[in-house]
Amino acid sequence: MRTALFFLVVCLVLSHWAPAQPAKPVSDPVEWVNVLMGTDSKPSLSNGNTYPAIALPWGMNFWMPQTGRMGDGWAYTYAADRIRGFKQTHQPSPWMNDYGQFAIMPVTGKVRFDENERASWYSHKSEVAKPYYYRVYLADHNVTTEIAPTERAARFRFTFPQTDSASVVIDALDKGSFIKIIPAENKIIGYTTKNSGGVPANFKNYFVLIFDKPFTFRTVFHDKKADQQALEFQADHVGAVVGFKTRKGETVNVRVASSFISPEQAELNLNEIGSDPFEIVTQKAKAAWNKELGRIAVEGGSVDQTRTFYSCLYRSLLFPRKFYEIDANKKVVHYSPYNGQVLPGYLFTDTGFWDTFRSMFPFLNLMYPSLNAQMQEGLANAYKEGGWLPEWASPGLRNTMIGSNSASIVADAYLKGLRGYDINALYEAVLKNSENEGPLDAVGRRGVSYYNKLGYVPYDVKINENAARTLEYAYADFAIYQLAKALKRPQAEIDRFAKRSQHYRNLFDPATGLMRGKNEDGSFQKPFNPFKWGDAFTEGNSWHYTWSVFHDVQGLVGLMGGPQKFVAKLDSVFTLPPVYDESYYGSVIHEIREMQIADMGQYAHGNQPIQHMIYLYNYAGAPWKTQYWVREVMNRLYLPTPDGYCGDEDNGQTSAWYVFSALGFYPVCPATDQYVLGAPLFKKATLHLENGKKLVINAPANSDPNRYVDAVKLNGKPHPANWLSHRVLMQGGTVDFTMKATPNQQRGTKPAAYPFSFSTENR
């Protein structure tokens, strides 16, 4: 017995230390995606705050199983045990909530409309969730629901038991809705106006459903009251229930589409399905995902690493969503959430630039530039229609977050070669931002008169998060400076933004070596607690925001007293305890809790301001520390599981960080040509660039212990720099990494190897 127990213990120990199983070659990348990654979340702790988006890449409409109550931003949570409906959603995050949503739900037994009464128990064991297909068994109704999406439409298939009381609920939700049943055509039409803001007064999402089976009964509901006589109704909250007699295993199929333009356009959008049966719609959706996911092929990682990579890549291809439609003349048109008109041209929405300027949009510029060119056209249209660039659009202007990071979005795209849109209108828009406050705090630049006059937004003039605004405005001014040069603007204009890009210096406190709020009279705020979240900063503290000098890291190195002190300061982020002061918020916000439990000191990867910081060791002669910490973050803070993120995923940003980092480089400073080196995660990655070129990243000795870069070759030649050029990468070729278990403390340690900084630019 003792011998058997001894061998059991040995086996358990060996299994714990055994290397992770390598993944098989990826031939079907969409099957590696876990759409439930990040769904085990709640307001007090985000493991992603995601939902399973059953959709096409960048699709106008997503579908999701709805477990939360009507209006709850946490509409699907992994821990929930009942489904209330299947919702067409446009929600970018639970904090922004939804708009233009409505729900469909199959029911058996008595007619039920109320979301609590119609809800059914379900289990993840009987749930299949893919980007292109969803299936679940609803136990209380003995019904299986399946969904297959297109960009603006979807096919539903309900498998019923034998019953004369099978029914389908269509809930147009509250805040003003309309429903009409057309029995002769097996059709239901209607609209919903439910939204969370950012829309004009005439906003509607028009929908149409066509069933493949005649109705045996029908009932209209308005404000929860059944009306069996009416075929249509408009009220605060309306819906319908239509019923059937079914055999055991009989399916009822529904084609559904919607439009922000008109009921007629909703019917046109049904053409995305046409006469395709359910299986063909599913196959086409799967092919669409494999086309986009397949642009990057990774090899030589573990099963979990491969699953995490493609799950993050999936999240990077959802937002900003298409907000345009194809009219009867095959023209691109859109309903404008800025002025309520139907206008020609592209429009995209549901993204916050405060998050996504950092890596999500640079990723589009690398892998999907023609799509981002359409997004830039859409951004120009938003400016022309609303008079301002949206910093957070959902679907129109929303008053959340800070900065004028649209400057980075515009500049990075143009500087990386995107063309075919009205860059002059976009430049006019960023110029307007640089001199004006907007109609909302989050539009234009709040405190801009102080910033332009004093060189910072003061702490004591009742403008919240003032230090964060100053730092972000300074980077935005650098982006404008770069764009102004490319557009050959007047030298005085170029010089103005070059000067303003240095305003970050005004907040550096030599006594603490950190960024600090400053009063209008030039004195620093008192008392100062670098662990205080909010106040002078945005969803972070001074330890997080001090590094927000993307464009002039060497300038920051100089302020801190040189490379050694700079590296020591970076190290401190990880060695300090995860203490915090939450008094500005009055409670511990979820971002604070996510930092506290991550066991990485003050490093708060669950929020965006510090996500680039790990790469800054490359600017001060210690690139091996970047390599170590990048691998630590990927290993410890990302998993292909429902609790797989370490904070809000945020519309592709936190996912794009992983995708870039797994490839071995990261865009620390958008609006430059450079990606800063980290260390690749896989033995090989092949990027199929849109221009037909192929970029291969080789690291054959890569493994968990071999996380350090010993040498780099670019197209067969030694590459001593700590960065790679976007222009060169777009020509295709190979990047070869020699990986070892011990750091090379000689490579990349001299200033000649350092990435771009404004202070050392040869102007």
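Okay, let's start in a loop: Pro-320 sits between helix 5 (303-316) and strand 20 (321-322). Helices here are DSSP runs of H or I with at least four residues, strands are runs of E with at least two, and both are numbered from the N terminus. Before I go on, this is a predicted model, where local features need pLDDT of at least 70 and side-chain atom pairs count only at pLDDT 80 or more, while totals for chains, interfaces and linings use all residues. Residues are numbered from 1 along each chain as its sequence is written, and side-chain values use heavy atoms, with hydrogens and water left out.

So what joins Phe-319 and Pro-320? A cis peptide bond, with omega about -5°. Another cis peptide bond joins Ser-394 and Pro-395, and there omega is about -15°. Pro-395 is in the loop between strand 26 (392-393) and helix 9 (406-415).

A cavity is a set of points on a 1 Å grid, over the protein atoms alone, where a 1.4 Å probe fits but cannot get out, and its lining residues have an atom within 4 Å of a point. Grid points are joined across faces, edges and corners, and a volume is the space filled by probe spheres set on the points. How many cavities of 30 Å³ or more are there? The count is 7.

The largest cavity has a volume of about 140 Å³. It is lined by 16 residues, and the closest to its centre are Phe-348, Thr-351, Phe-353, Met-375 and Leu-379. Two elements give two or more residues to that lining, strand 24 (348-349) and helix 8 (369-386), and helix 8 gives the most, with 5 residues. The lining has 12 nonpolar residues, 4 polar and no charged.

Of its 14 lining residues, the closest to the centre are Asn-49, Thr-50, Pro-92, Phe-319 and Glu-649. This lining divides into 5 nonpolar, 5 polar and 4 charged.

Three strands make an open, antiparallel sheet in the order 21-22-23, where two strands pair if DSSP finds at least two bridges between them. Which strands are at the edges? Strand 21 (325-326) and strand 23 (342-344), each pairing on one side only. Strand 22 (residues 332-335) is joined to strand 23 by 3 bridges, and Tyr-335 stands opposite Val-342 in strand 23.

Last stop: positive phi angles. Asn-97 isn't a glycine, yet has a positive phi of about 65°. Its loop runs between strand 3 (85-89) and strand 4 (102-108). Is Asn-97 buried or exposed? At 16% relative accessibility, Asn-97 counts as buried; buried means under 20% relative accessible area, exposed over 50%, and partly exposed in between, with a 1.4 Å probe and protein chains only.

Lys-488 also has a positive phi, near 55°, in the loop between helix 12 (466-486) and helix 13 (491-500). Lys-488 is exposed, with a relative accessible area of 74%. And just after helix 17, Asp-599 takes a positive phi of about 60°.

Key. On a 1 Å grid over the protein atoms alone, a cavity is a set of points where a 1.4 Å probe fits but cannot get out, and a pocket is an open set with protein on both sides within 12 Å along at least five of seven lines; lining residues have an atom within 4 Å of a point. Ala, Val, Leu, Ile, Met, Phe, Trp, Tyr, Cys and Pro count as nonpolar, Asp, Glu, Lys and Arg as charged, and the others, Gly among them, as polar.
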